[in-house]
Amino acid sequence: MKKRRKAGILSLCVGTALSLQAPLISFAASPEFARTAEEWERLRDNVLEYNEIPDLINEYNVTTQNNQYTASQREQDVTLNDLIGEQLGAVQQMYQAASNAATEYERISSELSARMAERRVLPQYETMQDSDSAKWEDARTEKHLVQEAQNTMNSYFQLKQQLIAAEKEKELLEAQLASTQTRVSLNMATQADLLSAQQNLQNGETQILSLESQIESARQKLIIMTGWKQGENPEIREIPELNFNRIAVMDLARDTQTALANDYQLKLDKNKAEHVPNQDYRKAYQVTVDTDKEQIAADLDKAYQAVQQARTAYDEAILNLDVATRNMATASNQYNLGSISLLEYRQADNALVTAQTGLEIKKLALLQAVETYEWIVKGVR
């Protein structure tokens, strides 16, 4: 099987990375010993599988590699207290000078200078980032990339199903045009009918071209995110079937508490609120923390309802397919007996393909809804 990239240790390429100011996408972010030979073989082949996406993003995504390199150069164990302390050191000296002032005028003047200096420093607190915050930001970014790649792969296969339906629809439109042409020749239809049939076919062909373009765009985005180069053509495997037990075990109350414990933005805002050395700023950050908690609960509830709606749509698609399958069987028998026309037979055939692709799309949409819910539980929203 064709291999798509060579293994490498990013740390050995630091000099080159610094000189080029660009990551080497042909190299993995982790050293060789970080994974087993079997794991590397799976990641290095020319096959893209849904379950590989987290590892591919971790090893080969440009943003992830940049963040990992930056993290390796970052000063370790720096707290917000350290950072704000450095900024407020001079301010504390001013307050100390005020307390030691010989006259009331000197005290008031020194306190005023200290407050003004403090007001200049505290707005910088928003952008200060300690070691924990940096780790949370990097982890959240990587998980967002995994989620985006999963959604892109899901969309890719939904679009392919839409293309199958559109191509079958085109066959029906061609048959309808041929039928209309015959009816016009027999004075059973007008030129307006013919123009309408021609326009419908043209619209169908335009839709196919649009879907093909969207499919290719999704494919390119997906493979680049996971480490391939533009123009390469890895095999993209079908997404595994959804395990419906993932829906059965959802517990909104329990999962909300888990989401609150895991949410990266909440961790970042709580960290800021706990360390800011100013009462007014602390109150403002606490409002942000409370808002985060409310939003997490609301987002998870919305995602839960979306799962239930997607499940209902999936169940309805199963029923639609059952009806279309039975109608097709009836139409096939009738056509063989000569009791319906070829056009009517093709209409039933088109309805069957539409129902089949519709079910696959609803299945993928349900998976996407489940993934969205689970990502929020894992702290990503």
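Me: Helix axes are lines fitted to C-alpha atoms over the stretch in contact, with angles running from 0 to 180 degrees between N-to-C directions. What is the angle between H10 and H13?

Reply: First, this is a predicted model, where local features need pLDDT of at least 70, side-chain atom pairs count only at pLDDT 80 or more, and totals for chains, interfaces and linings use all residues. Residues are numbered from 1 along each chain as its sequence is written, and side-chain values use heavy atoms, leaving out hydrogens and water. Helices here are DSSP runs of H or I with at least four residues, numbered from the N terminus. H10 (residues 252-262) and H13 (residues 342-377) pack with axes 7 Å apart, at an angle of about 55 degrees.

Me: So is H10 parallel or oblique to H13?

Reply: Under 35 degrees counts as roughly parallel, over 145 as roughly antiparallel, 65 to 115 as roughly perpendicular, and the rest as oblique. With an angle of about 55 degrees, H10 is therefore oblique to H13.

Me: Which residues of H13 make that contact?

Reply: Contact means heavy atoms within 4.5 Å. On the H10 side you'll find Leu 252, Asp 255, Thr 258, Ala 259 and Asn 262, and on the H13 side Tyr 373, Ile 376 and Val 377.

Me: How far apart are the end C-alpha atoms of H4?

Reply: The expected span is 1.5 Å times one less than the number of residues. H4 (residues 62-73) has twelve residues, so its span should be 16 Å. The model agrees, since the end C-alpha atoms are apart by 17 Å.

Me: How do H3 and H7 sit, parallel or oblique?

Reply: The axes of H3 (residues 53-60) and H7 (residues 131-185) come within 9 Å and cross at roughly 130 degrees. That pair is therefore oblique.

Key: Helices (H or I, at least four residues) and strands (E, at least two) are DSSP runs, numbered from the N terminus.
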